[in-house]
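User: I would like to go through this structure step by step. Could you begin with a term that I will need?

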Amino acid sequence: MSFAHPDFLWAFALVLGAFAFVPRRLRLGALLASSWGFYLVAPTWHFGVLFVSTALDYLVGLALGRIDARPARRALLLCSVAGNLGLLVTSKATGWLALGLSFYTFQSLAYSIDVYRRRLDVCRDPVAFALYVAFFPQLLAGPIERAQSLLPQIQRLARADAPVFRAVDLERGATLIAWGLLKKRCLSDALGPWAIERFTRPEGHDALELVLALLSFNVLLYLDFSAYTDVARGAARCFGVRLVGNFRRPYFARTLGDLMRRWHTSLVDWIMDYVWVPMVAGRLTLGRVALANCVVLAHFGLWHGLRIGLALLGAANGLIVTLEQLPRLLRRRPAPRGPLRAVLAWALMAALWIVFSTAIFAPDGASVVRYLRATLEAGSPGSESLRWLGLAAAGTAAALWLHGLDLFGGEDDASEQTWARVPRGLRVVLLAVAFVLVSRFGAESSSEFVYVRF
């Protein structure tokens with residue numbers, strides 16, 4: 001079930017309430033059944049793909065725990081890699097992409113790799129492992145969790161000394177859910193139709209409208225994806241499970257490489273650990289780093305869509321990131337940055353990210369060319385466009401302020417401590433107001449989260 005669906009809160013409250021009465025020895029099974037229940041809202045074959053991926057890596061892990069011979073271990077790991085990536089590539093190539101497939105296959109595959117590297121003990125409990133893969137808050141769109149972090153938290157839920165709920169977890173969880181739904185229902189779903197309608201049918205709109213729509217895509221992408229992450233982290237936190245953050249204030253980045261490290265961090269960290277580090281193992285030469293950067297960011301592009309244009313765009317970004325790293329690779333002190341140079345570097349980073357976020361929404365390169373041609377040929381701005389410009393300026397200022405403050409949906413302990421310093425009575429009032437705003441002013445028809453389709 002989508003977090004954006006109006007019935008989600010009722011379904012989640014039902015699961016949360018029922019969990020309180022489940023005997024400890026049955027908690028993991030009950031939570032797994034609930035997770036599969038949320039997923040079975042999709043067509044049945046989606047669940048079949050999830051089950052195959054889960055069973056494959058569970059059995060590979062058990063075999064790796066019994067076998068010491070390196071050739072056999074490599075063969076087992078190859079089975080996991082081929083099976084998971086085969087499912088992923090086949091699904092993307094045919095267009096029959098199961099919901100959340102990119103997220104849970106990467107998560108399941110990471111477990112097999114870490115067991116193969118002997119960095120992780122084998123999980124012999126099939127229910128705990130299946131719940132690690134299918135935990136409903138982060139099943140459809142992450143964040144991509146590591147077994148070292150999530151599995152112990154899941155297993156802890158069934159311990160005799162584990163409390164059912166803690167007040168601090170319920171409050172923090174509800175706050176994150178409210179913040180995420182505000183961003184999704186009141187901002188993303190309001191902005192999305194306006195921008196997408198102009199992108200898909202650019203004819204008949206003036207140049208300023210089309211430029212504003214183009215600039216809004218990366219804002220829309222951030223609002224939508226960070227909203228899912230907030231709700232996922234909030235739902236998990238209600239059960240006492242802490243999921244990793246996916247964003248580190250990305251629009252405060254000063255370089256493209258810095259932005260990549262701040263955006264969708266669970267995916268970037270996964271690719272860095274399992275692709276980039278093995279590629280540059282040994283001596284950090286300029287050639288190795290450049291190749292690794294291009295391959296990693298090409299993978300980042302292909303993950304968003306199996307299109308050659310996204311791969312090439314990702315590889316080009318890899319070259320730019322390498323240029324940014326050049327002084328450090330050559331062991332030279334980087335030249336001091338004056339205000340003008342800093343602004344130009346930020347503008348270049350923003351322009352490249354706008355192109356990438358627009359390419360994600362576009363079905364193909366021809367759509368982007370058509371949009372740009374319509375923008376160049378469009379007429380002068382009208383009064384309606386000037387009104388939108390004023391609203392966009394005010395909205396951008398407010399978004400940057402909230403983005404920097406990040407009081408409600410902060411991804412670190414500092415923001416949680418800041419929120420905890422607000423008087424409890426005021427926190428309760430603000431939380432109630434947030435849910436009222438979602439129910440009263442949220443978009444009537446909420447769209448699915450963008451990243452679910454990846």
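Analyst: A residue is called buried when its relative accessible area is under 20%, exposed when it is over 50%, and partly exposed in between, using a 1.4 Å probe and protein chains only. By that rule D258 is buried, with a relative accessible area of 19%. Please note that this is a predicted model: local features need pLDDT of at least 70, side-chain atom pairs count only at pLDDT 80 or more, and totals for chains, interfaces and linings use all residues. Residues are numbered from 1 along each chain as its sequence is written, and side-chain values use heavy atoms, with hydrogens and water left out.

User: What share of the protein chain is buried?

Analyst: Buried residues account for 50% of the 454 residues in the protein chain. The accessible surface of the chain is about 21,400 Å², and 67% of this belongs to carbon and sulfur atoms. Such areas come from the Shrake-Rupley method with a 1.4 Å probe; for residues, only the protein chains shown count as cover.

User: How many helices and strands are there?

Analyst: The chain has 19 helices and 0 strands. Helices (H or I, at least four residues) and strands (E, at least two) are DSSP runs, numbered from the N terminus.

User: Back to D258. Which residue does D258 form a salt bridge with?

Analyst: The partner of D258 is R262, and their closest N and O atoms are 3.2 Å apart. A salt bridge is a side-chain nitrogen of Lys or Arg within 4 Å of a carboxyl oxygen of Asp or Glu. Both residues belong to helix α11 (residues 256-262), where they are 4 residues apart, about one turn of the helix. R262 is partly exposed, at a relative accessible area of 22%.

User: Why can such side chains pair at all?

Analyst: Side chains of opposite charge can pair when their charged atoms come close. In this model the count is 10 salt bridges.

User: Where do K184 and D224 lie?

Analyst: The side chains of K184 and D224 meet in a salt bridge of 2.7 Å, N to O. K184 is in helix α9 (residues 167-200) and D224 is in helix α10 (residues 207-238), so the pair ties together parts that are 40 residues apart in sequence. K184 is buried, with a relative accessible area of 0%, and D224 is buried as well, at 2%.

User: Which residues are linked in a network of salt bridges?

Analyst: R166, D169 and R237 are linked in this way. R166 is partly exposed, at 40% relative accessible area, whereas D169 is buried, at 6%.

User: New topic: aromatic rings. How many aromatic pairs are there?

Analyst: The count is 26 aromatic pairs. Rings of Phe, Tyr and Trp (its six-membered ring) pair if their centres lie within 6.5 Å; planes under 30 degrees apart count as stacked, over 60 as edge-to-face and the rest as tilted. For F3 and Y228, the ring centres are 4.7 Å apart and the planes are at 20 degrees, so this pair is stacked. F3 lies in the segment before α1 (8-19) and Y228 in helix α10, so the pair ties together parts that are 225 residues apart in sequence. F3 is buried, at 3% relative accessibility, and Y228 is buried, at 2%.

User: Are the rings of F103 and W303 stacked or edge-to-face?

Analyst: Their centres are 5.2 Å apart and their planes are at 90 degrees, so the pair is edge-to-face. F103 is in helix α5 and W303 in helix α13, so parts that are 200 residues apart in sequence are tied together. Both F103 and W303 are buried.

User: And what covers the buried residues of α13?

Analyst: The cover includes α4 (70-94), α5 (101-116), α11, α12, α14 (308-329) and α15 (339-361). Among the buried residues of α13 are V289, L297, F300 and W303.

User: Finally, which residues is D273 in contact with?

Analyst: Leaving aside neighbours within four places in sequence, D273 is in contact with R117, R146 and P278. Contact means heavy atoms within 4.5 Å. D273 lies in helix α12 (residues 265-279) and is partly exposed, at 32% relative accessibility.
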